[in-house]
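Please keep the model in view while reading.

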Amino acid sequence: MRLRRTRLGATALLTGAFALVSAMSLPASSLAATGARNATAQGRAEGAFHRFGEVATIGVGRLPTSVAVDQHTATVWVVNSLDGSVSEISEVRRAVVATIKVGVGPVGVAADPKTGTVWVTCLGPFDRPGQDDTVAMISEASRTVVARIKVGRAPFGIAADPRTGTVWVANANSYSVSEISEAHRAVVATLQTGSDGAPDSVAVDSVRGLVWIGKLGGGVGEINEASKSVVATVRVDNGPRRNALNAIAVDSAVGTPWVATDYYDGSSYYSYASQLDQVHGTVLASVLVPKAGVLDNIADGIAVDAATGTAWVAENGANTLTLITEGNHQVARNLLVGGQPVAVAVDPVTSTAWVVNNYDGTVSEYAYASPRFTTGSKLSFPAGVRGKFQIHTQGYPIAVMSVQGTLPPGMRVRIGNGTVVISGTPALSAIKHTYRITVSADNGIGDASEHYDFTQSLTIKID
């Protein structure tokens, strides 16, 4: 979630104890003005949703700020900061099935599928920060808070490691990270992350035993879980000015972290999704996330699906979800979501992306899948007779189509959204000839081998 952007009228960051709380990710107007705009969110029945093709929009609580997925139970957990609660969404029902009170000022959430627990960072009252600074432990089975654990000052980002049974918390105003033992329900280690930036986001690579810390100002810290020490720091600066690093995620298949950053050049914001090289401690690639029109484009949230080789960026201000393909480091799609999306999580089992719309009090779900051809690979047309054949694909987002090869004389191709239409009157000279073309579909969803174009060879015979 976003910390650096001025959302409550504060202009200084960390100028005093807990000043960071006044710069957390909230809508552009002040908290005093949230009553009017949240009337819309309150008017939505919690759990109500509308389907738009492959999209579901689900109403949650007031000022949702972060999201986590438990892929074992097919549940999505959303923090409602102004309500002091967490909403549980059933992926199957696409509805809120429970709302759990966790305390005042919750901001970050993580789920451990192995233990069936959900972990929430709580700041306390926005006007009296420092009165909480705890992590609430929720039992998914009982849907209750079973423990509260004191951590450092201004805990924001949080991530769980099911392999080690530990939870890692970024304490922004303490410049530290707390390691919590799930079994003991207590902090077992506190690591200082350095004075080069306040830690605000966390991601865990369970495969390699690494914890990645995103810092305000563009620094990324690498923590070795076994030695409990910071072993490396990487700078991420994509523009001429210092970057704001807003979120971090990890592709556990290849061991590379992704970060969402932006910088302000004096007139506009520029946002990037950057993939880091864990081995060499460098930026492997940075992808410019385009903005919609004149709106500010602020990359606030990021998630990675290692199974499909995709990165998903929530763009606060542009009100879009951007899909990036890891293999070619390109933006594949900009998908519309709700107002001020600030966080995103993916479920690789169900192939769904879940986006928190901060302003609307909603969560958007996108179901995605690789393109697949649903029509045959062999055609025949009689010469001299007008004919038409339409090639269809499935999958979401809708595929961009392309055609290569030579068509029978007298026929042409028309490319549509996820479709290719071959039509016309084959010339008499084409009788008893066979033509072969290749139809390609690309919707940005691929796999770790970096192949995103799905092709089908088409044989056209003229009788």
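Two strands count as paired if DSSP finds at least two bridges between them, and strands themselves are DSSP runs (E, at least two residues), numbered from the N terminus. The model is predicted, so that local features need pLDDT of at least 70 and side-chain atom pairs count only at pLDDT 80 or more, while totals for chains, interfaces and linings use all residues. Residues are numbered from 1 along each chain as its sequence is written, and side-chain values use heavy atoms, with hydrogens and water left out.

Strand S25 (residues 320-325) has antiparallel partners in S24 and in S26, as tabulated here.

| Partner of S25 | Bridges | Residues facing each other |
|---|---|---|
| S24 (residues 310-316) | 6 bridges | Threonine 310 and threonine 325 |
| S26 (residues 330-336) | 6 bridges | Arginine 333 and leucine 323 |

The hairpin of S24 and S25 has 3 residues between the strands, and glycine 317 there takes a positive phi near 100°; in the hairpin of S25 and S26, with 4 residues between them, histidine 329 in the turn has a positive phi of about 50°.

In a regular strand the side chains alternate between the two faces of the sheet. In S25, Thr320, Thr322 and Ile324 point one way and Leu321, Leu323 and Thr325 the other way, and all are buried (under 20% relative accessible area, 1.4 Å probe, protein chains only).

The largest pocket holds about 1200 Å³ of space. Of its 48 lining residues, Ala159, Ala203, Val204, Ala249 and Ala345 are the closest to its centre. A pocket here is an open set of points on a 1 Å grid over the protein atoms alone, where a 1.4 Å probe fits, with protein on both sides within 12 Å along at least five of seven lines, and lining residues have an atom within 4 Å of a point; the volume is the space filled by probe spheres set on the points.

Conventions
Buried < 20%, exposed > 50% of the residue type's maximum accessible area, 1.4 Å probe, protein only.
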